[in-house]
Amino acid sequence: QVQLVESGGGLVQAGGSLRLSCAASGRTLNNYSMGWFRQSPGKERDIVSAITWGAGGTYYTNSVKGRFTISRDNAKNTIYLQMNSLKPEDTALYYCAARLGTRIVLGASQWDYWGQGTQVTVSS
């Protein structure tokens, strides 16, 4: 089965940048989608960005468009989330996720595999 391990979270000031990484293992990913979700205390777990492994199609939630970029490294079975121009409202626990399927879906309940989460904190 797919195992996901996130890294790259940390504490940054507003306007700064971070790059999150998620390494996947367990099976080939060409028929999968992978993505990033985030959750703050008292909030739902919402999708941030996603990518289809084979075709590289992407999705971004409106609040991060133009600031965040998702990418993949086929050889390493790894996805990245480059986060620029960070805002305090980006503060959350960020989760890597994967699901079988080549179309991106938005609901967290529809994703099959989850990483442990990595904390991103943006100070003002």
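With which side chain does the side chain of Arg38 make a polar contact at 3.3 Å? In this predicted model, the partner is the side chain of Ser63.

Figure 1. Besides the 3.3 Å polar contact between the side chains of Arg38 and Ser63, a polar contact of 2.8 Å joins the side chains of Arg38 and Tyr94. When residues up to four places away in sequence are not counted, Arg38 touches Glu44, Arg45, Asp46, Val48, Ser63, Val64, Phe68, Asp90, Ala92, Leu93 and Tyr94.

**Figure 2. The largest pocket, with Arg38 among the residues nearest its centre.** The space in this pocket amounts to about 160 Å³. Its lining consists of 13 residues, and those nearest the centre are Arg38, Ser40, Glu44, Asp46 and Glu89. Strands β4 and β5 each supply at least two residues of the lining. The greatest contribution comes from β5, with three residues.

**Figure 3. The disulfide between Cys22 and Cys96.** The sulfur atoms of Cys22 and Cys96 lie 2.0 Å apart, and the model has one disulfide. This pair links distant parts of the chain, 74 residues apart: Cys22 lies in strand β3 (residues 18–25) and Cys96 in strand β9 (residues 92–100). The torsion about the S-S bond is about -85 degrees, so the disulfide is left-handed. Cys22 and Cys96 are both buried.

Figure 4. A polar contact of 3.5 Å joins the side chains of Tyr95 and Arg45. The C-alpha atoms of Tyr95 and Trp36 are separated by 5.6 Å, although these residues are 59 residues apart along the chain.

**Figure 5. The largest nonpolar core, of 28 residues.** In soluble globular proteins, nonpolar side chains tend to be buried together. Within the largest core of this model, the residues that touch the most other members are Met34, Trp36, Ile79, Leu81, Met83 and Tyr94. At least two residues of this core come from each of β3, β4, β5 (46–52), β7 (68–73), β8 (78–83), β9 and β11 (118–123). Leaving aside neighbours within four places in sequence, Leu81 is in contact with Leu18, Arg19, Leu20, Trp36, Val48, Ser49, Phe68, Thr69, Ile70 and Tyr94. Another core, of six residues, lies apart from the largest one and includes Phe37, Ala50, Ala97 and Trp111.

**Figure 6. Positive phi values at Asn77 and Ser85.** Asn77 is placed in the loop between β7 and β8. Its phi is near 50 degrees, a positive value in a residue other than glycine. Ser85 lies in the loop between β8 and β9, and phi of Ser85 is likewise positive, near 50 degrees. With a relative accessible area of 42%, Ser85 is partly exposed.

Technical notes:
Residues numbered from 1 in each chain as written. Predicted model: local features only at pLDDT ≥ 70, side-chain atom pairs only at ≥ 80, totals over all residues. Heavy atoms only, no water. Disulfide = S-S within 2.5 Å. Helix = DSSP H or I, 4+ residues; strand = E, 2+ residues; numbered from the N terminus. Buried < 20%, exposed > 50% of the residue type's maximum accessible area, 1.4 Å probe, protein only. Polar contact = N/O pair within 3.5 Å; in protein donor to acceptor, adjacent residues only side chain to side chain. Contact = heavy atoms within 4.5 Å. Core = buried A, V, L, I, M, F, W, Y, C linked by side-chain atoms within 4.5 Å. 1 Å grid on protein atoms, 1.4 Å probe; cavity = no way out; pocket = protein on both sides within 12 Å on 5 of 7 lines; lining within 4 Å. Points joined across faces, edges and corners; volume = space filled by probe spheres on them.
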